[in-house]
Structure formats: C-alpha cells, structure tokens
Amino acid sequence: MWPLNLKTDSVQLEFDGRKILQDIYLDCKQGEIVGLLGRNGCGKSSLLRIIFGTLKPDFKHVSINDKFIIKGYHDARIAYLPQHNYLPYGIRLKHLAENFIDPQFWDEFTSLNIYKDHFNKTVGQLSGGELRQLETLMIVYNKADFILLDEPFTHISPVQADLFKPIIRRCAQRKGFIITDHQYRNIIDISDRIVLISNGSTKHIKTTDDLITWGYVNHLD
C-alpha cells in the first residue's frame with residue numbers, strides 16, 4: 001500500500017522527574033521530508049530514538065498505516081542515523097553496503113566517488129570525515145521505508161551538504177524522511193514540512209515566520 005504513513009503520538013518522556021516530551025504528534029508519509037527543529041536539549045534526538053525503538057519512554061504510540069509497532073528497526077521498517085559512529089570497524093565497506101543499501105539505489109550508491117575510493121577498506125581505515133559521509137549515505141540509501149537522520153549536516157562541509165541534499169530528495173521519492181539538525185537553514189531548505197519541538201510539545205509550522213513566533217529564532221535572512 002503506497003504511500004505508507006508513519007505516525008508518532010502521545011509520547012511521554014521524563015528524565016529525573018523533568019518532563020522532556022509530553023504533547024507530541026509527528027507523522028511522515030513516504031514521498032516527503034519532514035524537518036524537526038528545536039533548541040538544544042528539547043528532545044529531538046530522544047524522539048528519533050523512541051521512533052526507532054532504542055529509547056523506551058513512559059508512553060508512546062508509534063504506528064505505520066495505523067498498525068502499532070514496538071521496535072521500528074525490526075524488518076527494516078525504519079533506519080536511524082545517530083550522532084555517534086555506528087558502523088563496525090573490522091568489516092570492509094563493500095560487505096557492509098551489501099547489507100545496508102536498497103537494491104533499487106545500488107547502482108547510484110556504488111557510483112559515488114566516496115564509495116568507489118574506499119569500498120575495499122575497513123571502517124577503521126577511514127578518516128573521521130570519510131566515515132561520517134559514508135555512514136550518512138548508507139542510511140540515506142538504506143532498505144528501510146522510513147529514514148531518520150540526526151544531525152546529518154553538522155559534521156560535513158557546506159559543499160558536502162549541498163551534494164547530499166539532492167541525494168536525499170531523490171531517495172525521498174520512495175521513502176519518508178525525518179531530519180533534524182542545528183543548521184536549521186539546511187533543514188528549511190530541504191524539507192517539505194517543518195515541525196518544531198518547544199516546551200515538550202510539537203508545533204506544526206505553517207510558515208517560517210512561525211519559528212520566530214515560537215521563539216526558535218530571532219529573525220530569518
């Protein structure tokens with residue numbers, strides 16, 4: 001059934017008695033990119049981990065086409081790019097790619113210079129920048145129906161960010177993307193819709209002026 005629709009509702013998350021997330025509604029359909037913004041510590045990364053299934057909140061309801069899911073990573077439904085490195089060090093990239101990459105994007109992924117130049121290396125032989133690029137691309141081109149990207153633009157150069165954006169847009173023709181990053185202009189540029197987390201709840205942004213109204217930024221150029 002196309003398009004699949006990922007919904008996250010009624011998330012409750014507390015740390016040390018402090019409510020982090022309390023009034024959350026977020027949805028994403030295959031074929032669109034949803035940008036998730038918010039100040040440091042507002043719970044953006046926690047929300048992505050809850051959707052993916054690696055963080056257990058006090059309450060959540062996550063579903064795909066209204067069917068409740070407990071672990072988003074089961075059956076390659078959802079893929080997640082964390083802020084930390086995640087690829088195992090001792091395995092060659094070509095073997096990792098065989099397990100990660102969606103067959104419909106295989107030719108495109110393996111034609112990228114960053115892959116062609118390093119496919120026979122192990123993760124431990126890459127520089128920090130090379131590793132982050134490949135980790136991001138392996139999630140963007142992943143087999144999953146929905147892709148969650150946490151800070152994909154933070155550790156790469158502006159030139160690399162501009163190269164990644166059209167790749168994400170092409171893959172988003174068949175997949176749903178939820179992306180968060182402190183470089184909010186990149187998020188605004190690439191997203192079809194923007195959702196802001198403020199005071200533990202989600203605000204669905206209709207125009208970029210709403211980001212000023214909710215106090216996320218003082219002004220937009």
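This is a predicted model: local features need pLDDT of at least 70, side-chain atom pairs count only at pLDDT 80 or more; totals for chains, interfaces and linings use all residues.

Reader: Which residues are linked in a network of salt bridges?

Author: The network of salt bridges links Asp27, Lys29, Glu32 and Arg193. In total, the structure holds eleven salt bridges. As background, side chains of opposite charge can pair when their charged atoms come close.

Let's go through some other pairs, starting with Asp189. The side chain of Asp189 meets that of Lys165 in a salt bridge, at 3.0 Å from N to O. That pair links distant parts of the chain, with Lys165 sitting in helix 6 (residues 158-171) and Asp189 in helix 7 (residues 184-190), 24 residues apart. Buried or exposed? Lys165 has a relative accessible area of 7%, and since buried means under 20%, Lys165 is buried. Asp189, on the other hand, has a relative accessible area of 43% and is partly exposed.

Asp189 also forms a salt bridge with Arg169, where the closest N and O atoms are 3.6 Å apart. Arg169 belongs to helix 6 and Asp189 to helix 7, so this pair ties together parts that are 20 residues apart in sequence. Arg169 is partly exposed, at 35% relative accessible area.

Glu135 and Arg132 meet through their side chains in a salt bridge of 3.7 Å, N to O. Both lie in helix 5 (residues 128-140), three residues apart, which is about one turn of the helix. Glu135 and Arg132 are both buried.

A search of the whole structure turns up eight aromatic pairs. Take Tyr86 and Phe100: their ring centres are 6.1 Å apart and their planes are at 45°, so the pair is tilted. Tyr86 comes from the loop between strand 7 (78-81) and helix 2 (93-100), while Phe100 is in helix 2, so the pair ties together parts 14 residues apart in sequence. With 22% relative accessibility, Tyr86 counts as partly exposed. Elsewhere, Phe105, Phe109, Tyr115, Phe119 and Tyr141 form one aromatic cluster.

Phe100 turns up again in a pocket. The lining of the second largest pocket includes Phe100, along with Phe52, Tyr73 and Lys143, among others. Strand 7 and helix 2 each supply at least two residues of this lining, and the largest share, three residues, comes from strand 7. By class, the lining has nine nonpolar, two polar and one charged residues. The space in this second largest pocket is about 160 Å³.

Finally, the largest pocket has a volume of about 210 Å³. Its lining counts 15 residues, and Arg39, Cys42, Ile197, Ser198 and Asn199 are the ones nearest the centre. Strand 2 (18-21) and strand 10 (193-198) are the elements giving two or more residues to that lining. The lining of the largest pocket divides into six nonpolar, six polar and three charged residues.

Definitions and conventions:
Residues are numbered from 1 along each chain as its sequence is written. Side-chain values use heavy atoms; hydrogens and water are left out. Rings of Phe, Tyr and Trp (its six-membered ring) pair if their centres lie within 6.5 Å; planes under 30 degrees apart count as stacked, over 60 as edge-to-face and the rest as tilted. Helices (H or I, at least four residues) and strands (E, at least two) are DSSP runs, numbered from the N terminus. Buried means under 20% relative accessible area, exposed over 50%, partly exposed in between (1.4 Å probe, protein chains only). On a 1 Å grid over the protein atoms alone, a cavity is a set of points where a 1.4 Å probe fits but cannot get out, and a pocket is an open set with protein on both sides within 12 Å along at least five of seven lines; lining residues have an atom within 4 Å of a point. Grid points are joined across faces, edges and corners, and a volume is the space filled by probe spheres set on the points. Ala, Val, Leu, Ile, Met, Phe, Trp, Tyr, Cys and Pro count as nonpolar, Asp, Glu, Lys and Arg as charged, and the others, Gly among them, as polar. A salt bridge is a side-chain nitrogen of Lys or Arg within 4 Å of a carboxyl oxygen of Asp or Glu.
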